Amino acid sequence: MKIQRKFQIIALLLLTVVSVTSILISRNISTNIIKQQITDNLINATQSRAKHIETLLGQYEELTKMMVTGTSYRNAVDESIDYTRRIEKANQRIKTVIETHEEISRMRVLDKEGTVIASNYEDTGIDKSTHEIFLKGKEGTFIGDLHLSSFTHKYVLSISAPILLNNQFAGVLVINFDVDKELFKVTTDRAGLGESGEVYLVNKDGYMISPSRFIDEAILKQKVDLKHIEGINYTEPSFKLLRKVADIVRDYRGIEVLTVHTHIPEMHWSLITKIDTEEAFASVTKLTNSLLLMFIIILFIALFISSFIPRIITRPLRRLHEGTEEIIKGNLDFKVGTSSSDEVGQLSRAFDEMAASLKKSREELEEYSRNLEKKVEERTRDLEIDISNKEKIEKELYKSQQEFASLFRNSPEALVYLDKKGTILDVNLRFCELFGYSLKEIKGKNVDDGMIHPLNKIEEGKRLSINALKGYLNYETIRKKKDGTLFPVSISVTPLVIDGQAKGAIGTYIDITERMKLQNALQESEKRLSYALQATNDGIWDRNFESDKLYFSDRYYQMLDYNPGEISITQKAFEEFLHPEDKERILQKIKECIEGKTKEYSAEFRLKTKSGKWKWILGR
């Protein structure tokens, strides 16, 4: 192939490589910039809406807590009041609340047995004792998951809270909030999301629970694949974390989108903000097409120029070829230098320099061969030193491994060594004693396959194994021995991190059966004491010398005509309640008792009641 043709091919290849590389780099940089800008916009939209949703849920929860303390609802479950009258007032109050709060569509009062006794719908008498909204509402304020109401036929959030009478559980108040009044307005606000962007919520089961921009009736029907966000820790959903987890995936329509998501932990919801990549990267596509057109134009120009340049170069090269044939035959003393000042002339003079260099290299090679044996001997000595150091390191490593094995085997606590998949690699003697398995029976099994888990704790164990790889954790739960015996344990798990990656974990199991027995006994003792205080007709008081506050039992408040807890009692307030004629005498007796001058304190004195009257009190 002629040089002229070669030059054309090389020039075209070089131009093609440079142009394609430039286009790819430009497209990549533009894509990254656009992706970052759009991602930041999606993150801002996600954070603002997540904050709005959390604030809205908090408002609903606070509204429920406030309403549950209302007299109408407390009287509704007070069996000492006429049933018809208290239920009628409760229903009137429910009607008033719904008329003044458009976001509330339904309210119910359940007695302590879980039966609906008051409602704005015809559902009184229905037993809700086994429903989650009642069971969780007994323990405290509970927000149920979004669902379709069978009475209003609207999507609602049910929030329940316990009704207390004299600090005792007496019933549950349940309020249904229409999500289309406020919550759906947050997710359907598509400001700044273009023609294809949308925001929607997904529940813990993976179903969409807010309106879709593209599919009608998607709520609780459209399944959303969330595999790409599994295992993400949202304990601190910062801007940096949201940018890190932003990704390009296919959405529920099968269309490629740029998506950002965050977690609403209180409800176990995922908030997803996305936009179609076709719209997001439209400007990048336009830029790429422009660069391709420019490349085609430059390519035609280069073809035209490359057909003339090689002719200028090849003429002096042919003249140089005639002189170089002598050098090829081995005549290193032959000179081919020309007087030309261009690159070809420089090349001819370089041949002369090359011949001189070859002669010099031949002499140096002979000298190097003579010194080679000496260098080999020196290198051999260096290798022997390296081998000695390696053996020393291996001995130290073996010693460290033996020390770890001894500590693991002889630990007084039950220890298990797991890989990152939860496979049992080793256990110590105490672990075998605690669970009743031999090392041969349990080694190689997965810790979450049910050997040491009750059936209802297997899923809990799997979550524990996943979280253990993220950092230290301590957990109290129930485990099962080989013979089926269930017992309480305290589990501590520490991840084994190598080069920044979790490779496994060390788990510690402690039998806390005795501790739990002591705790139960203490709770039973406190319960008996509480019953005793309620049974006596005496007012009980107690003084905290650090905070200077006095504790009065409910009976003590009633003796002074106050409702329990109506006023805060300090030592100074107590002195103000004392009759002026009794104050100096009583304070002196209290002081003598505190200083140990008297073994006990007992005195009669007058205290001012809520109405301003004086009542004689015997204090001990």
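These legends describe close-up views of a predicted model.

**View A. A nonpolar surface patch includes Leu 293.**
Five residues make up this patch: Leu 293, Ile 297, Ile 301, Phe 304 and Ile 305. Leu 293 belongs to helix H8, which covers residues 282-306. The relative accessible area of Leu 293 is 54%. Leu 293 is classed as exposed because that value is over the 50% cut-off.

**View B. Four strands form an open antiparallel sheet.**
Across the sheet, the strand order is S7-S10-S9-S8. Strand S7 (198-202) and strand S8 (247-250) are the edges, and each pairs on one side only. From one strand to the next, the twist averages 40°. S7 and strand S10 (residues 269-276) run antiparallel and are joined by five bridges. Within this pairing, Tyr 200 has Ile 272 in S10 as its bridge partner.

**View C. Asn 166 has a positive phi.**
Asn 166 is not a glycine, yet its phi is near 55°. The residue sits in the loop between strand S5 (155-165) and strand S6 (168-178). Is Asn 166 buried or exposed? Its relative accessible area is 71%, so Asn 166 is exposed.

**View D. Leu 220 also has a positive phi, without being a glycine.**
Here phi is about 60°. Leu 220 lies in the loop between S7 and helix H6 (239-245). The relative accessibility of Leu 220 is 32%. That value falls between the 20% and 50% cut-offs, so Leu 220 counts as partly exposed.

**View E. Gly 484 and Met 451 are 9.5 Å apart in space.**
The distance runs from C-alpha to C-alpha. In sequence, Gly 484 and Met 451 are 33 residues apart. Gly 484 occupies the loop between strand S13 (473-480) and strand S14 (486-498). With 40% relative accessibility, Gly 484 counts as partly exposed.

**View F. A salt bridge links Arg 409 and Asp 426.**
The closest N and O atoms of the pair are 2.8 Å apart. Which elements hold the two partners? Arg 409 lies in helix H10 (residues 343-410), and Asp 426 lies in strand S12 (residues 424-427). The pair therefore ties together parts that are 17 residues apart in sequence. Arg 409 is partly exposed, at 35% relative accessible area. Asp 426 counts as buried, at 15% relative accessibility. The search of the whole structure finds 24 salt bridges.

**View G. Glu 460 and Lys 457 form a salt bridge.**
The closest N and O atoms are 3.5 Å apart.

**View H. Arg 606 and Glu 581 form a salt bridge.**
In this pair, the closest N and O atoms are 3.0 Å apart. Arg 606 lies in strand S18 (residues 603-608) and Glu 581 in helix H17 (residues 580-594), so the contact ties together parts that are 25 residues apart in sequence. Arg 606 is buried, with a relative accessible area of 17%. Glu 581 counts as exposed, at 61% relative accessibility.

**View I. Shared partners join salt bridges into one network.**
The network holds Glu 198, Asp 251, Arg 253, Lys 274 and Asp 276. Glu 198 falls within strand S7 (198-202).

How many disulfides does the model contain? The count comes to zero, with a disulfide taken as a pair of cysteine sulfur atoms within 2.5 Å.

Terms used
Residues numbered from 1 in each chain as written. Predicted model: local features only at pLDDT ≥ 70, side-chain atom pairs only at ≥ 80, totals over all residues. Heavy atoms only, no water. Patch = residues over 30% accessible without salt bridge, like charges linked within 9 Å, V, L, I, M, F, W, Y side chains within 5 Å. Areas by Shrake-Rupley, 256 points an atom, 1.4 Å probe, with all protein chains shown as cover. Salt bridge = Lys/Arg side-chain N within 4 Å of Asp/Glu carboxyl O. Helix = DSSP H or I, 4+ residues; strand = E, 2+ residues; numbered from the N terminus. Buried < 20%, exposed > 50% of the residue type's maximum accessible area, 1.4 Å probe, protein only. Pairing = 2+ DSSP bridges. Axes fitted to C-alpha atoms, helices over the stretch in contact; angles between N-to-C directions.
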